[in-house]
Amino acid sequence: MNAVGFTYQICLSQCGSGTQNPTWANISQQFGAWLLPYLALISQLPFGARHRVDNLMSAILTVGSPVLAGYSMILTILNANWISRRFDDLSFPNTKYAVRILISLQQNPLRISNEDSLLSSLVVLPDNDDWWPTIADFLDYTHTWSIASVTSVAWVVVAYLLTIASSLSDVPSNINSNGQGTGSVWLWLIPIVIGWLQLSPKCDYARVRKAMDNADAMAFVATDDGVVKASDLSERRAVSIDTNMESPSSPHEMLTPPVYNYARAIPWSQSAEDVFNTFRIASDNIRIHKPVTTGATWKNANRRNFIEPSNRRGNASDVNAYCRPPRYAVRSPWATGMFFRMFVASLLPLALQWATTGAAVLVVYFTPTVGLGCRSLGYLIYGALATIVWAMLVMSSILSHYASSYSDRPRSPFSSITIRLAKVVSNLLRWGGKLVAIVNAIWIIVAGMLQFTSIYDNCYCNSSVLGRGAQYAYDIVVFDGLDLNQTKAAWFGALALAGSTSLGFIFYMSLLTDLVPIY
């Protein structure tokens, strides 16, 4: 028997514009096989915010823009690798602990202060040699593989492979409500979850806050009257996580879930470079055997790679002068290589987004009737909106940091207007990006349900009118004897595209993680 179909106009006249009545058996089977495992896997994303609504919003942002989640992840590891390499050549006590602390605080609003010689004292004084390893050890906890996370990832992978095998073995069965496109468009979630498990971000606000509070009692600062505890002078600290700022550069910077690292990366890099420069200048002075106290004589130690504590003591002015950069040095609001790392961090997440979205489009595009239709357009909308969310929020982070960095500098009336405009545009982009992410997250779930419930199973969608036009559109209703080799080839191609890109993302994250030195 040959395949039978109708032109779009005949289909409308004979069947009307309504949809096919869905069957609960098909809905539950398709939903349980293709979508439910992914929804369960969302629980394995790292959270850790102070408030549940912020954790919920981080999950929505991840689903609404996988590009943003991947970008935040890769930028985090690139920043960790960058600061580790910068500290490699320094020869000063506590540098290895400083690297560990800075990397661990990427999920928090890091603030560095040298008021009252706080940072200089923390770096130079031997009294603070216990502070660095103690806080590094406090922050040395991992949120990595567990039985629950392994089971969740394995469930999704096995369910995806089994349902793929089942659909390829019987292509004509439920061909218009088949969920292979839905399974492909969600495949990005596996490498994102695995990547965060590999990275093990320190995003538990309560735990990090406790670690910082425990270390506060151990910090000392140089004064004109000698060395005293920093807690005896004020509540300010050289290194702190300030989650109660009245006017942060971006509210997202205050939120600890790692998806918000896009907003923290720029100010974190600037703060990390401030710490590095303090250590670098002190290290340069150590190399020329210059003691902290002005006019003092360097005392050689009897041990190799050991600095006599007396060489590192001095009053507030001595400590500040010891770590002060040259007068010609200008502090840039943008850390070294920041924009290059942002560019590199964008490439693979964009590839992952559009490989999984493209795989879903391939599946439904080459399903008879071949052409752009309701299903493929739905996936394209999801990919496009996810990319737009990423672009809006990243641009918002750049503008907000620009406005924050230049707001306290002397400026002309024109510069004041520019800064205010940058702040307004940044807020609009952030609000708009969150709104689009919410809509997009809801849309991708709804798009899957529209397919499972056969809402798309009507003359308009089945005839691919969007791609073919009403004049040339047609709807195939009997598939017996129809050559489906092209459809099978497209489905295999979609599997290869989404699977290889996901595996490539996981492999790349493994390489980047291994490149960060372990002290």
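Are Cys11 and Cys459 buried or exposed? Cys11 is buried, and Cys459 is buried as well. Buried here means under 20% relative accessible area, exposed means over 50%, and partly exposed is in between, with a 1.4 Å probe and protein chains only.

Some housekeeping. This is a predicted model, in which local features need pLDDT of at least 70, side-chain atom pairs count only at pLDDT 80 or more, and totals for chains, interfaces and linings use all residues. Residues are numbered from 1 along each chain as its sequence is written, and side-chain values use heavy atoms, with hydrogens and water left out.

Now the disulfides. There are 2 of them in the structure, a disulfide being a pair of cysteine sulfur atoms within 2.5 Å. One joins Cys11 to Cys459, with an S to S distance of 2.0 Å. Its S-S torsion is about -75°, so the disulfide of Cys11 and Cys459 is left-handed. Because Cys11 sits in helix 1 (residues 8-15) and Cys459 in helix 18 (residues 459-462), the pair ties together parts 448 residues apart in sequence. Helices (H or I, at least four residues) and strands (E, at least two) are DSSP runs, numbered from the N terminus.

The other pair is Cys374 and Cys461, whose sulfur atoms are 2.1 Å apart. The torsion about that S-S bond is about -85°, so the Cys374 and Cys461 disulfide is left-handed. Cys374 is in helix 16 (residues 374-406) and Cys461 in helix 18, 87 residues apart, so to the pair falls the linking of distant parts of the chain. Cys374 has a relative accessible area of 13% and is therefore buried; Cys461, at 6%, counts as buried. With the bonded cysteines numbered in sequence order, the pairing reads 1-3, 2-4.

What about Cys15? The closest cysteine sulfur to that of Cys15 is in Cys11, 4.4 Å away, which is too far for a bond. Cys15 counts as exposed, at 54% relative accessibility. Cys323, in contrast, is buried, with a relative accessible area of 6%.

Next, helix 5 (residues 95-104). Of its 10 residues, 8 are buried, so helix 5 is largely enclosed by the rest of the structure. The buried ones include Tyr97, Val99, Arg100 and Leu102. Which elements cover them? The cover includes helix 4 (66-87), strand 2 (110-112), helix 7 (131-138) and helix 13 (261-287).

Ser426 counts as buried because its relative accessibility is 0%. Leaving out residues up to four places away in sequence, Ser426 touches Ser396, Leu399 and Ser400, where contact means heavy atoms within 4.5 Å.

Last, the largest pocket, which holds about 720 Å³ of space. Of the 25 residues lining the largest pocket, Asp274, Asn277, Thr278, Pro325 and Arg331 are the closest to its centre. On a 1 Å grid over the protein atoms alone, a pocket is an open set of points where a 1.4 Å probe fits, with protein on both sides within 12 Å along at least five of seven lines, and lining residues have an atom within 4 Å of a point. Helix 13 gives the most to this lining, with 7 residues. The lining divides into 10 nonpolar, 9 polar and 6 charged residues; Ala, Val, Leu, Ile, Met, Phe, Trp, Tyr, Cys and Pro count as nonpolar, Asp, Glu, Lys and Arg as charged, and the others as polar.

Terms used. Grid points are joined across faces, edges and corners, and a volume is the space filled by probe spheres set on the points.
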